[in-house]
Amino acid sequence: MPQKIEWQYKEILRQYLMSQTEENLYAGQNLSRQLIKKNIAPEEVISIHKGALENMFPELPMNVWNSFDLLIEMMIRYGLALSEHQNLIQQQEEMNIEIDLAANVQSTLLKTTVPKVNGLEIGLITVPARKMNGDYIYFLSDNINNAGVAVADVIGKGIPAALCMSMIKYGMDSLQDATTDPKRVLDIINRIVEKSVNNDMFISMFYGRYNVKESIFTFASAGHEPALFYNANKDDFTELHTKGLLLGVVPNVTYKQNDVKMENGDFVVMMTDGVTECRTEDGFIEQEIIISLIHSVRFEPAQTIVDTVYKELEKMQNFELRDDFTLVIFKKVI
Amino acid sequence: MGTRSSVVILSEWDIVAARQLGRNEAREVGFGTVDQARITTAISELARNIYIYAGKGKIEIERISERGSIGIIITASDEGPGIPDVRKVMEDGFSTSGGLGAGVPGVRRLMDDFKLDTVLGEGTIIKATKWIR
């Protein structure tokens, strides 16, 4: 095979020296593409060039031949860099495949079912910034009277954040009772997280529970973004605040909870900082913009609201997500 | 086994001497210009590693012939600190980012066969072979 290449190269060189046309240069480039495919190193190419010249112009001065030896020496490292580069690209491809598999495992592992209770619409969207999601949604419901949702966010993103999430899932799995108070939920999860997580890993979490019979939404927060409450009657938004430490900081925390009564058309918007910290080139997208976005589709079904908000914010950010993005809406309907 | 010659590595100048020895041997054995340059580069890397990490060591060049093939073995030995994580120094991207240049993976690429033995606190022996194609 190398002999064939030598012959091909010599032919192209001969043609080119006879007439310096673009066509002959193009032939040269095509050959170089083949050489790269066959892992022919740059120093080899120079050696082929030297060989071809020796054959065609044996009378050239010694200085010319010697200069090629220096050039060959110079190219050895370029050849090494090239093969290292090719190897690293291959490794990267393998790693990407592995991460894809891990992301699949993650989404199966962290799967949660959106509950169905009368008089409540639930909209949910969660989009990872990279392949693996550091936001986590868990629904806890008896499918009759109570629908609860946990929205958690590991500070940080990617694989470490994603690994951390499985822990929250198993904590939540241990709570079978959908009537459990939000503050209790946070107490329990906090204890689990505190035991199993490094000090440099922080998780914020919001837990909200809607009770169908009383139309009351009860919520507690561990250092999480406040939720937004839309009051249809007054046509305004308020923030649902409760104070509470991030999960995993200290073992025994007593969280607080608050209630809000929901009327028809009212809804609660829960989110992670991937929503509130959306950024364009000009800086953060103001909360008013997000609110007015939600307001413009307030009469739509909950799922349409979250989908619309995501699409618009994605557009504003030029389709570049900087952080995992999660939005959940509980909307009271008749 | 064929002839064997060696260069002690103590200073940066000895790297040049080792290169010279390797190139002469490679030429005499019958390697082409490109392979001469590859063998010399491998010697250069090994000698540099000795000079930088062990301070003192030796490069030996040996001609070999086996089943009708002829070639060259480079042996780099030192009594330096040894390599704590061999897998790491074999990795691409590790040596270059550390400023070593081609490093151990480079030597492996340039040669046909590569063996590394290292004991922490006692030293390292690397044997790299190249055959005439």
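Helices (H or I, at least four residues) and strands (E, at least two) are DSSP runs, numbered from the N terminus.

## The sheet

An open sheet of 5 strands in chain A has the order 1-12-9-6-7, with antiparallel pairing; two strands pair if DSSP finds at least two bridges between them. Strand 1 (120–127) and strand 7 (236–240) of chain A form the edges, each pairing on one side only. From one strand to the next, the twist averages 15 degrees.

Strand 9 (residues 267–271) and strand 12 (residues 325–332) of chain A run antiparallel and are joined by 5 bridges. Met271(A) has Leu327(A), in strand 12 of chain A, as its bridge partner.

## Contact between chains A and B

In chain A, 13 residues are in contact with 11 residues of chain B, contact meaning that C-beta atoms, placed from the backbone, lie within 7 Å. On the side of chain A that touches chain B, the elements giving two or more residues are helix 3 (42–56) and helix 4 (62–109) of chain A. Helix 4 of chain A supplies the largest share, 10 residues.

## Basis of the model

Residues are numbered from 1 along each chain as its sequence is written, and chains are lettered from A and ligands numbered from 1 in the order in which they are written. For this predicted model, local features need pLDDT of at least 70 and side-chain atom pairs count only at pLDDT 80 or more, while totals for chains, interfaces and linings use all residues.

Note on methods:
Two residues are in contact if their C-beta atoms, placed from the backbone, lie within 7 Å. Axes are lines fitted to C-alpha atoms, for helices over the stretch in contact, and angles run from 0 to 180 degrees between N-to-C directions.
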